[in-house]
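Subject: Structure handover

Hi,

Here is the structure for your review. My notes follow below it.

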Amino acid sequence: MAGSGISSESGSGVSGSGAFRDDENCHKQVSPIRGGGSRNTSPSGRVGSRNTSPSRQKVIKTKPRGLDEETVATFGKVVHPDVQMEDNIWAMLPEDLLNEILARVPPFMIFRLRSVCKRWNLILQDHSFLKFQSRVPSHGPCLLTFWKNSQTPQCSVFSLPLKTWYRIPFNFLPQWAFWLVGSSGGLVCFSGLDGLTFRTLVCNPLMQTWRTLPSMNYDQQRQLIMVVDRTDKSFKVIATSDIYGDRSLPTEVYDSKIDKWTVHQIMPAVNLCSSKMAYCDSRLYLETLSPLGLMMYRLDLGYWEHIPAKFPRSLLDGYLVAGTHKRLFLVGRIGLYSTLQSMRIWELDHAKILWVEISRMPPKYFRALLRLSAERFECFGQDNLICFTSWNQGKGLLYDVDKKVWSWIAGCALQSFNSQVCFYEPRFDASVQ
């Protein structure tokens with residue numbers, strides 16, 4: 001069943017107060033898309049009076065909130081002088097060229113631009129605009145934070161490139177007891193209980209469109225992960241055995257192209273040590289204690305395989321993180337005593353079936369992130385970025401595997417103790433159908 005941000009069961013719509021920007025303690029409302037007639041429900045830069053010359057301007061050396069001095073150069077703001085725009089030239093832009101420009105505007109800015117004129121308000125809902133947007137690179141990594149305040153779903157998105165929080169209304173979703181599964185390609189997946197029935201839904205927060213997936217063949221609570229294929233505009237949801245659930249249930253895969261769940265192989269009898277999963281290169285990975293190593297599920301072939309990759313010694317807790325180009329990372333704490341603990345990152349050598357250490361979190365970051373030896377933290381990744389969040393400290397730390405740079409996320413603070421966080425790629429062209 002599909003839903004909308006207004007009250008209908010299907011279609012698209014944006015209701016409520018739209019996205020909100022929280023910039024230096026000043027809230028600015030960003031209105032949602034509205035226009036006459038039917039709206040397009042198909043699929044997840046810069047524009048304005050600013051200098052577009054490739055030459056870089058002077059970088060402000062003031063320290064943004066939450067950043068250490070060494071990260072200022074990486075995230076420093078660029079000052080651009082005002083440029084006088086010629087109205088008679090810009091008003092005559094061909095529609096294709098206008099679409100090309102607007103498609104490169106950060107998605108959150110689109111809501112602010114819709115009030116410029118009627119043409120812009122309507123062009124943002126045009127098939128041709130969505131087609132152009134599907135071709136441009138991603139706006140950049142964002143963090144989506146989801147939590148419930150008095151049983152009301154709340155969602156904020158932190159744009160890493162813009163260093164700004166945006167509030168997205170989530171009252172368009174049904175009033176279920178659901179929790180965040182993850183995000184991929186502009187879509188966000190949730191699962192939960194509708195009464196006593198286990199449900200899975202997929203939504204596009206920007207377009208405020210959603211739909212409920214059909215019931216599984218074995219309709220029980222399971223560990224889920226969603227993957228989006230932007231080339232054929234489809235997505236899949238994989239349901240596997242949970243560490244606390246029924247191990248005898250077969251693996252099931254939902255394919256949006258056929259709108260149904262298919263039953264695959266039952267996972268071999270193993271002792272899972274975590275419900276955290278990582279997906280890369282059409283393979284799903286889980287950690288196992290017995291037999292020690294990894295369980296790998298081949299989505300293209302539909303079967304499970306054990307990989308005897310032994311974990312590093314004295315590993316206290318481990319998170320699997322998927323990178324780009326078949327890269328698989330293991331992140332965890334090492335050491336028995338708090339004074340000797342450290343956070344390390346390993347990469348799996350697929351040829352030697354061996355974890356190879358590639359980085360260690362500097363002590364000053366480790367002490368600031370986790371003050372207690374048993375303190376809880378979360379770790380997740382996108383591409384070759386790894387994000388650490390501390391529930392007690394309410395901090396976010398980012399590690400760029402390629403650049404080997406550690407940095408605090410400016411202004412990033414978890415909204416509440418029970419917040420759920422994941423990477424998110426905001427896109428208008430991501431379709432829930």
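H325 is exposed, with a relative accessibility of 75%. Here, buried means under 20% relative accessible area, exposed means over 50%, and partly exposed is in between (1.4 Å probe, protein chains only). H325 sits in the loop between β19 (315–322) and β20 (328–334). Its phi is positive, about 55°, although H325 is not a glycine. Strands (E, at least two residues) and helices (H or I, at least four) are DSSP runs, numbered from the N terminus.

Some ground rules. This is a predicted model, where local features need pLDDT of at least 70, side-chain atom pairs count only at pLDDT 80 or more, and totals for chains, interfaces and linings use all residues. Residues are numbered from 1 along each chain as its sequence is written, and side-chain values use heavy atoms, with hydrogens and water left out.

K163 also has a positive phi of about 55°, and K163 is not a glycine either. Its loop runs between β5 (152–159) and β6 (164–169). Is K163 buried or exposed? K163 is buried, at 18% relative accessible area.

Next, a cis peptide bond. It links S290 to P291, with omega near -5°. P291 is in the loop between β16 (283–290) and β17 (293–298).

T288 is buried, at 0% relative accessibility. Which backbone atom does the side chain of T288 reach? The backbone oxygen of P291, at 2.6 Å. That is a polar contact (a pair of N or O atoms within 3.5 Å; within protein, one must be able to donate a hydrogen and the other to accept it, and residues adjacent in sequence count only if both atoms are side-chain atoms). T288 also has contacts (heavy atoms within 4.5 Å). Leaving out residues up to four places away in sequence, T288 touches V270, N271, L272, C273, G293, L294, M295, H306 and F311.

M267 is in the loop between β14 and β15 (271–280). M267 is buried, at 6% relative accessibility. Not counting residues up to four places away in sequence, M267 touches T240, S241, R247, T251, L272, L286, M295 and W304. M267 and E305 are 38 residues apart in sequence, but 8.8 Å apart in space, C-alpha to C-alpha.

Now the sheets. Two strands pair if DSSP finds at least two bridges between them. An open sheet of four strands runs in the order β11-β12-β13-β14, and its pairing is antiparallel. Why is one side of β11 and of β14 left without a neighbour in the sheet? β11 (223–229) and β14 (260–266) stand at the edges, each with a single partner strand, so one side of each has no neighbour in the sheet. From one strand to the next, the twist averages 20°. The angles run from 0 to 180 degrees between N-to-C directions, and the axes are lines fitted to C-alpha atoms, for helices over the stretch in contact.

β11 pairs with β12 (residues 234–240) in the antiparallel sense, over seven bridges. Q223 stands opposite T240 in β12.

One hairpin to finish. β21 (residues 342–349) and β22 (residues 354–360) pair in the antiparallel sense over six bridges. W346 has E357 in β22 as its bridge partner. Four residues lie between the two strands of this hairpin, β21 and β22. In the turn, I353 has a positive phi of about 50°.

Best wishes
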